[in-house]
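Hi,

Here is the structure I said I would pass on to you.

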Amino acid sequence: MEKEFLQIITENQGIIHKVCSIYCDLEEDRRDLFQEILVQLWKSYPSFRSESKFSTWMYRVALNTAITSFKKDKRQPDKTGISYENLQLVEEMYDTRTEEQIKMLNMAVAQLTGIEKSIILLFLEDKKYEEIAEITGITQNYVRVKMNRIKKKLKLLMTKEE
Amino acid sequence: MDIKDLKSAWETYSSQEMDKHRLGKESINELLKNRTQSLVDRIDRNIRIGMGVLLLFIVYVIIDSVFLSELPKTIAHKAIEYPKWLVFIDVFSTTLIITTYLFFVIRYLKIKRSFTIQLQLKDLMLGIQETLKTYRRMFYLVLIILIINIIASFTAGVYQGLRLIENLTTAKIISAIGISLLIIIPMVALSFFLLRWGFNKLYGRYLIKLNETLQELDESEHAE
C-alpha cells in the first residue's frame, strides 16, 4: 500500500503545493503544512473509498488540514501576503504585467479568511460549484453567494492596490 | 484586473511554485518517515497520559479509603467509630471521582471514534473544538478530584483529631481549621487560575480562530 500511496501522491502533489501556496507565505510554514497534509493523507488513505474522485478526496483532506492547522505565535502570517523570497523570484521570472498581477493576487488572497481561500482556490482551479460544494461541505447555493462576495472583496482589494 | 486575469495569474504562479517545490518519491517518503505530530495528535497523547495519571490517583484513593483508613487506629491503639455522615462523605467522594472519570473517558473515546480529517469541515472543526474542550476539562477534573480529596481527608482528620487528642480546646480547633483553609483556598485558586492562563496562552488564539470559522460556516446555513 505504501508504494501505491507514494506513486499516487507523487503524481498528484500539485494539489498539495497549490493548497500550501494559497495558505502560507513563509517557506517554513509551507514545509510544515506540506508535511502535515502528507501525513493526514497517509493516515486517511486506508479509508478512502472510490465513491468520490481521488482529487476531490485529496483536496478535501488538504484543505481541511490547512484550515484547521495550528500555527505557533512566533510565526504569524504576514499580511502583505507574499514572502520576500517569492517576491524576488517573481521579479526574476516574469514580465512586469504578470509580476504585478501575481503580487496583487497574493496580497488580495492574504486578506481572505480560511474558508474564502479554499473557495477561491477551487474556483481558480476551474472546479464547478457542485465539486466545490462536495469538497468544502458547503451547499452549492452558498458557494455561489460566497463566490460573489469573494469576487467583490478581491476586486475592492485589488483596486486599492492599483 | 478582472477574473480572467486572476485565473491566468494564478495559473502562472501555481505552476512556477510547483516547479520550484516538486518532490521525488524518496523525498516524500522521507517526509512521511520523519513525520511530526499534529495538534490533535499531541493533545490526544497528552489526554492519554493524563488519563493514566488520573487512574493511578483513583487507585490510590480507593486503596487509601479501604486499607489506609485503618492506620490511625493502629497508631493510636484506639478504636475510632466513624459517624455515618463521615463514612457517607468518604463513599460519596470516591464514587463521584470514579463516575466523573468514567464519564470523561467514555465521552473522549466517543469523540475520538468519530474524528477523522476526511469529515465535512464543520464536523471536523466541532470535533477539534470538542477535543480541546475535553483537554481543558481534564485539567479541571484533576483539580476537582484534588479538592474533593483534600476536603474529605481534611474533614476526617479534624474528626480524628477531636477524638484522639485530649485537652483540645475550641480555640485550637478553630485556629487549626482557619490555618488549613488559609493554605487550601489560595492553593486551589492559584492552581485554577494557572491552569486557565496556561491553557489560554497555548490554545486561546487557536480557539478564537476556530470559533470565527465556525461562525462563518453557520452564516452559510442562515443564508439558505
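Below is what I found in it, starting with how to read the numbering.

Residues are numbered from 1 along each chain as its sequence is written, while chains are lettered from A and ligands numbered from 1 in the order in which they are written. Keep in mind that this is a predicted model: local features need pLDDT of at least 70, side-chain atom pairs count only at pLDDT 80 or more, and totals for chains, interfaces and linings use all residues.

On confidence, chain A has a mean pLDDT of 81, with 83% of its residues at 70 or more (pLDDT is the predictor's confidence in each residue, from 0 to 100). The stretch to watch is residues 74–82 of chain A, where pLDDT stays under 50. Where pLDDT is low, the predicted coordinates should not be read in detail.

Chain A has eight helices and zero strands (helices are DSSP runs of H or I, at least four residues, and strands are runs of E, at least two, numbered from the N terminus). Of its 162 residues, 39% are buried (20 or more other C-beta atoms within 10 Å of a residue's own; 12 or fewer is exposed, in between is partly exposed, and C-beta atoms are placed from the backbone).

Now the interface: 43 residues of chain A are in contact with 41 residues of chain B (contact puts C-beta atoms, placed from the backbone, within 7 Å). Helix 1 of chain A gives the largest share of chain A's side, eight residues. That side divides into 19 nonpolar, 20 polar and four charged residues (Ala, Val, Leu, Ile, Met, Phe, Trp, Tyr, Cys and Pro are nonpolar; Asp, Glu, Lys and Arg are charged; the others, Gly among them, are polar).

The largest nonpolar core has 51 residues, and A:Leu105 is one of those that touch the most other members (such a core is a set of buried Ala, Val, Leu, Ile, Met, Phe, Trp, Tyr and Cys residues joined through C-beta atoms within 7 Å). Helix 3 of chain A gives the most to this core, eight residues. A:Leu105 is among the buried residues of helix 5 of chain A, and across in chain B it touches B:Leu6, B:Ala9, B:Trp10 and B:Tyr13.

For contrast, look at B:Lys133, in helix 6 (residues 121–164) of chain B. B:Lys133 counts as exposed because it has 12 C-beta neighbours inside 10 Å.

Cheers

Definitions and conventions
Contact = placed C-beta atoms within 7 Å. Lists of a residue's contacts leave out its neighbours within four places in sequence.
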